[in-house]
Amino acid sequence: MTTPSPQWKKTACILCSLNCGLEVQTENGRISKIRGDDDHPASQGYVCEKSQRMDYYQNGADRLDTPMRRRPDGSYEAIDWDTAIREVAEKFLAIKRRHGGESILYYGGGAQGNHLGGAYGDSTLKALGVKYRSNALAQEKTGEFWVQGKMFGTGVHGDFEHCEGAILIGKNPWQSHGFARARVLLNAMAKDPARSIIVIDPRLSETAALADFHLQIRPGTDAWCLAALVGIIVQDGLLARDWLAEHTSGYEHIVDELNAIPVAYCAETCGVAEDKLRAAARRIASASSVSALEDLGMQMNLHSTLGSYLQRLVWLLTGHYGRPGTSNAFVPFLSLSKASKGDTSMGKRGAPRVEKRSPVANAKIIIGLIPCNVIPEEILTDHPKRYRAMLVETGNPLHSLADSQRMREAMRALELSVVIDVAMTETARHADYVLPAASQFEKAEATFFNLEFPRNAFHLRAPLFPARPGTLPEAEIHARLLEAMGVLGEKDYRPLRLALKLGRKAFSAAFLAAAATRPKVMKYAPVLLYRTLGPTLPAGMEAAAAIWGICQLHVLNNRKTAARAGFDGLPPLAADRLFQAMLDNPSGVVFAETTYAESWQAVARPEQRINLHIPELLPELAKLAHSAPPHDPAYPFILAAGERRSDTSNTAVRDTGWHRRGRYGTLRISPQDAEALGCADGEVLRVVTRRGEVEAEVEISDMMQPGNISLPNGQGLDYRNAEGEVVRRGVAPNEVTDCTQRDFLAGTPWHKYVPARLERLATPAATNA
């Protein structure tokens, strides 16, 4: 008798924002085989080697299976869920009564693969009156988001499948992706003589090795390189003048500053030959289409917000927007900007924008997020408006944010700290309470990183396994917290449950009518939907109930694009059909089809013209003409803290048992620096910065230029294995970073520009065994 083959199940990778579709086989609670999902509308079967690590996340030995409470001596005791929910609710309410909801900080809301928990967390925050939030976006992308809003007023993304020219700034898509099927598209561009790749990066990365133009800048000089390109385009007459006159505004306010850019000085400062910069500028100007993408190499560096502005000027001054092969305005399923502010308004436009700042450091709040780098300043003070409590959900800020020592000090200074996560993370080990969540493969899950144009897709994932005993999905945790606080109860659920007995059409009418007349309904919509609609959904998909509400908002605000995707008619009915399609299609659903004309209509600036004038950044541009990156002889190297490599994941994968071949956790240095230091490949060096020191094994690499060194991201975790031993592999880079070194406007950290020195050890040390 033949044993049937295990069934292939649909899911997604959780290690980067692309969330490529996967098919997996499972056996005895483990993910045993993984392949790409050909039916996924975005990734189309593409997969990289990192996806093979999913079981090491799912079955990590340090996963939790009971709530934990910290004892006065710092140890932890297991407690039952009823006790945990009651005590957490009571203590948060007590802090709200004494100091107001603004004294509670929320961090997280979802990692690279799980955003549904954040949708439910929003209800808890509103019940507590929480005003301040932060997450990883605030140490990476907020400067870019601010510039994007000033220039376009909407999100845009490049078309790397069809572009003639690709500009990649501080970005290595070979390792960190950033657009669908990255390696396939990079290889296609590299092999096509009619297309060009331009890379701005200090390293000879895998992507830079494929480039037609590798502008190998000195560390920290992205802004000088981009300013030189802008200056060349303007001063050499490479402008798309007619296009600019038709589609943009503000050029007349910046032309004098752009003409004044000292191209030769900028070239000398960034270390790229002027003739090479001119050749790259001419290639950009002559291309029929150009797409650009910036990432952490620039966004966590000197002048990062200015760099976000200058790189957009490079392709806008040459006329690259709103057609195939260029950037276009995508239609998101849920706006990350609105979601991060807790904005659940029914219309497209919310209240008029009012600049908000953090209460102690007076830091600029962008898309509702305070800069991660100011969190310790907001706590370690006697200021009356300091943060007194913190709720951390699916985040590990004590490991992932700058200056881990300072973050640990800040967290222990709080009156209350609560972590919701699957494992006993570095942050959880300092919390007062730890609430164990079901894994991303044990509940309905999804992400809102939906950036595709013209066809955008959303992937609602079904669980692969039942929840581990003792854990709860975030939806259930937040529902119980709201009920324990007396915010919601049976009287709120009963009318909707009665309507649901007549079918989802009647439920839609009842819910929308209640939302229009009772503010409480929209305020706590995710939990209300979870408690009423959730139990009627397929087993394990209860938490998908919040997606029904997001479908309603999406279709109401985007009727034309939803109709082209097949969801036309009355918005409530079309939205319900969209939701059902998401339940019925385990590989994902195209929810929006957008035209190029609509890409222009989405520009939310006067007369739908792209704004080129950002006055706040012009003084920063002028500074480049008479400055250079700081140099301290006591710290002669520049450390890039957190390089993406084949041996890195994000910190969700805590068990490094997947790594069996090649190097792990090494300190990359150039051959010239190794020779000058007299060190050998494999030797252990001490890396010393102004904030701390670590030891790491040397990897001599031609990828690095002299003076530039790097450590990988996401390593140095304290993982408790199945034997109960704490194992640390690699280096935690934020032990040597400094939270005071940050962008002047967005507050994003300078992780890629950390002054350091290297010291040889008197005796060998085995820190990365």
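Predicted model: local features only at pLDDT ≥ 70, side-chain atom pairs only at ≥ 80, totals over all residues.
1. Residues are numbered from 1 along each chain as its sequence is written, and side-chain values use heavy atoms, with hydrogens and water left out.

2. Strand β23 (residues 684-688) and β28 (residues 754-760) pair in the antiparallel sense over four bridges. Strands are DSSP runs of E, at least two residues long, and helices are runs of H or I of at least four, both numbered from the N terminus. Two strands count as paired if DSSP finds at least two bridges between them.

3. β23 also pairs with β24 (residues 693-700), in the antiparallel sense and over five bridges. Four residues separate β23 and β24, which form a hairpin. V684 has E697 of β24 as its bridge partner.

4. Four of the five residues of β23 are buried, so the strand is largely enclosed by the rest of the structure. Buried means under 20% relative accessible area (1.4 Å probe, protein chains only).

5. The largest nonpolar core has 100 residues, and F333 and I547 have the most contacts inside it. Helix α23 (residues 545-557) gives the most to this core, with eight residues. Such a core is a set of buried Ala, Val, Leu, Ile, Met, Phe, Trp, Tyr and Cys residues joined through side-chain atoms within 4.5 Å.

Terms used
Buried < 20%, exposed > 50% of the residue type's maximum accessible area, 1.4 Å probe, protein only.
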